[in-house]
Amino acid sequence: RHRDTPSSRPKQQREGMVLSSKNTRRSQTTMGALICDAVRQEIQADITIINGAPIKGNSEYPDGCVMYAQLKDELPFPTKMVLASLPGHVLQDAIIYSRTVPPGQDPQAGLRGYLQVSTPV
């Protein structure tokens, strides 16, 4: 049985931040981090990154609670996950690139989104 304690709550809620998926194509969001954290825990990875574009809810959850129907609104389409080994500098370069080149400015990248990243372990 799950107990609701400060250490069992999502990190975003413990820190007093509003759980939000607003502007996932342009900035790190608490919802993006929460989704990445859940995936990281499930697949036992060191870090998880997800393109912000598939996160569609554009909503805020002031109480830190997300219902299943709201989660389906956040991720309305199937999202494929791939587990890969990458050198740290490659991962760092990808994250920096997603945060410095505005969407639509790189003709090779298209309208990709800001990479959402799991919280540090």
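**View 1. Surroundings of I55 in the predicted model.** In this predicted model, I55 touches S21, T24, M31, G32, I35, E74, L75 and Q116, when residues up to four places away in sequence are not counted. I55 also belongs to the largest nonpolar core, which has eight residues, the others being L19, M31, I35, C36, V39, I50 and Y61. Helix 2, spanning residues 30-43, gives the most to this core, with four residues. In soluble globular proteins, nonpolar side chains tend to be buried together. K72 itself counts as partly exposed, because its relative accessibility is 48% and lies between the limits of 20% and 50%.

**View 2. Helix 2 and the residue that follows it.** Helix 2 has 14 residues and reaches 20 Å from its first C-alpha to its last, close to the 20 Å expected at 1.5 Å a residue. The buried residues in this helix are T30, M31, G32, A33, I35, C36, D37, V39 and R40. An α-helix has 3.6 residues a turn, so residues three or four places apart point the same way. After helix 2 comes Q44, whose phi is positive, near 55 degrees, although Q44 is not a glycine. Q44 lies in the loop between helix 2 and strand 2 (49-51), where Q44 is exposed, with a relative accessible area of 70%.

**View 3. Q116 in strand 4.** Q116 has its place in strand 4, which covers residues 115-117, and is buried, with a relative accessible area of 0%. The side chain of Q116 makes a polar contact with the side chain of Q28, at 3.2 Å. Leaving out residues up to four places away in sequence, Q116 touches T24, S27, Q28, T29, G32, A33, C36, T48, I49, I50, G52 and I55.

**View 4. T48 in the loop between helix 2 and strand 2.** T48 is found in the loop that joins helix 2 and strand 2, and with a relative accessible area of 5% T48 is buried. A polar atom of the T48 side chain lies 3.2 Å from the backbone nitrogen of R40. Beyond residues up to four places away in sequence, T48 touches C36, V39, R40, Q116, V117 and S118. T48 and A38, which are ten residues apart in sequence, are 9.1 Å apart in space, C-alpha to C-alpha.

View 5. E60 has its place in strand 3 (residues 60-61) and is partly exposed, with a relative accessible area of 46%. Leaving aside neighbours within four places in sequence, E60 is in contact with V18, L19, S20 and K22. The C-alpha atoms of E60 and M31 are separated by 8.8 Å, the two residues being 29 apart along the chain. N23 lies in the loop between strand 1 (19-20) and helix 2. Phi of N23 is near 65 degrees, a positive value in a residue other than glycine, and N23 is partly exposed, with a relative accessible area of 47%.

View 6. A disulfide is a covalent bond between the sulfur atoms of two cysteines. A search of the whole structure finds zero disulfides. C36 is buried, with a relative accessible area of 0%, whereas C65 is partly exposed, with a relative accessible area of 43%.

View 7. The protein chain has four helices and four strands, and from the N terminus on the elements run α-β-α-β-β-α-α-β. Of the 121 residues of the chain, 31% count as buried, and the accessible surface comes to about 8300 Å², of which 54% belongs to carbon and sulfur atoms. Among contacts between residues at least 6 apart in sequence, 59% join residues at least 24 apart.

Methods. Residues numbered from 1 in each chain as written. Predicted model: local features only at pLDDT ≥ 70, side-chain atom pairs only at ≥ 80, totals over all residues. Heavy atoms only, no water. Core = buried A, V, L, I, M, F, W, Y, C linked by side-chain atoms within 4.5 Å. Buried < 20%, exposed > 50% of the residue type's maximum accessible area, 1.4 Å probe, protein only. Helix = DSSP H or I, 4+ residues; strand = E, 2+ residues; numbered from the N terminus. Contact = heavy atoms within 4.5 Å. Areas by Shrake-Rupley, 256 points an atom, 1.4 Å probe, with all protein chains shown as cover. Expected span 1.5 Å × (residues − 1). Disulfide = S-S within 2.5 Å. Polar contact = N/O pair within 3.5 Å; in protein donor to acceptor, adjacent residues only side chain to side chain.
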